[in-house]
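Student: I'd like to go through this one piece by piece. Can we start with the terms and then get to the residues?

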Amino acid sequence: MQDLAALAEEHLAKARLASHGRSAHLIVHDGALRQSVIALTSDSELDEHNAPLSATLQVLRGHVRLTSNSGNKELRAGELCEIPKERHGLLALEDSAVLLTAVTAIG
């Protein structure tokens, strides 16, 4: 069992110490399913990257902007959204921690 609140706090602390302002931890790796806690300090970002087959993003702490060509979405703690099936990025508008759930391939 994982304590998401504790993981969010732990990785926010690590992100604050990291020169790039990020910290991540893979908590579930079961076949094609991946779940990761990702922490970003304010104004840190994950550069634009390709989308997995299917994914959701849940904000555990803070405020983030999910960016893509089809439009940006701002999410706050407690909110969940589907990640667009196109290249996208993530910008922390304040110190934030998110839960990324992704399916990377179908068996």
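Tutor: Salt bridges first. A salt bridge here is a side-chain nitrogen of Lys or Arg within 4 Å of a carboxyl oxygen of Asp or Glu. This is a predicted model: local features need pLDDT of at least 70, side-chain atom pairs count only at pLDDT 80 or more, and totals for chains, interfaces and linings use all residues. Residues are numbered from 1 along each chain as its sequence is written, and side-chain values use heavy atoms, with hydrogens and water left out.

Student: How many salt bridges does the structure hold?

Tutor: Six. One of them joins Lys14 to Glu10, with the closest N and O atoms 3.2 Å apart.

Student: How are Lys14 and Glu10 placed in helix α1?

Tutor: They are four residues apart in helix α1, so about one helical turn separates them. Helices are DSSP runs of H or I with at least four residues, strands are runs of E with at least two, and both are numbered from the N terminus.

Student: What does Arg16 pair with?

Tutor: Asp95, in a salt bridge of 2.9 Å, N to O. This pair links distant parts of the chain: Arg16 sits in helix α1, Asp95 in the loop between β8 (88–92) and β9, and 79 residues separate them. Arg16 is partly exposed at 43%, and Asp95 is partly exposed at 26%.

Student: And which residue does Arg87 bridge to?

Tutor: Glu48, with the closest N and O atoms 3.0 Å apart. Arg87 lies in the loop between β7 (80–82) and β8, and Glu48 in strand β3 (residues 45–49), so the pair ties together parts 39 residues apart in sequence. Arg87 is partly exposed at 37%, and Glu48 is partly exposed at 45%.

Student: Back to the helix. Where does His11 lie?

Tutor: In helix α1, residues 4–17. With 3% relative accessibility, His11 counts as buried.

Student: What does His11 touch?

Tutor: Ser23, Ala24, His25 and Ala39, leaving out residues up to four places away in sequence. Contact means heavy atoms within 4.5 Å. Two of those names meet again in the strands: Ser23 has Ala39 in β2 as its bridge partner.

Student: How do β1 and β2 run?

Tutor: Antiparallel, with eight bridges joining β1 (residues 22–30) to β2 (residues 33–40). Two strands pair if DSSP finds at least two bridges between them. The hairpin of β1 and β2 has two residues between the strands, and Gly31 there takes a positive phi near 60°.

Student: Which other strand do bridges join to β2?

Tutor: Strand β9 (residues 96–103), again antiparallel and with eight bridges. Within that pairing, Ile38 has Val98 in β9 as its bridge partner.

Student: Pockets now. What volume does the largest pocket have?

Tutor: About 160 Å³. On a 1 Å grid over the protein atoms alone, a pocket is an open set of points where a 1.4 Å probe fits, with protein on both sides within 12 Å along at least five of seven lines; lining residues have an atom within 4 Å of a point. Grid points are joined across faces, edges and corners, and the volume is the space filled by probe spheres set on the points.

Student: Which lining residues are closest to its centre?

Tutor: Of the 13 lining residues, those are Ile38, His49, Ile83, His88 and Leu100. The elements giving two or more residues to the lining are β2, β3, β8 and β9.

Student: Where is Ile83, and is it buried or exposed?

Tutor: Ile83 is in the loop between β7 and β8. It is buried, with a relative accessible area of 5%. Leaving aside neighbours within four places in sequence, its contacts include Leu66, His88 and Leu100.

How values were computed. Buried < 20%, exposed > 50% of the residue type's maximum accessible area, 1.4 Å probe, protein only.
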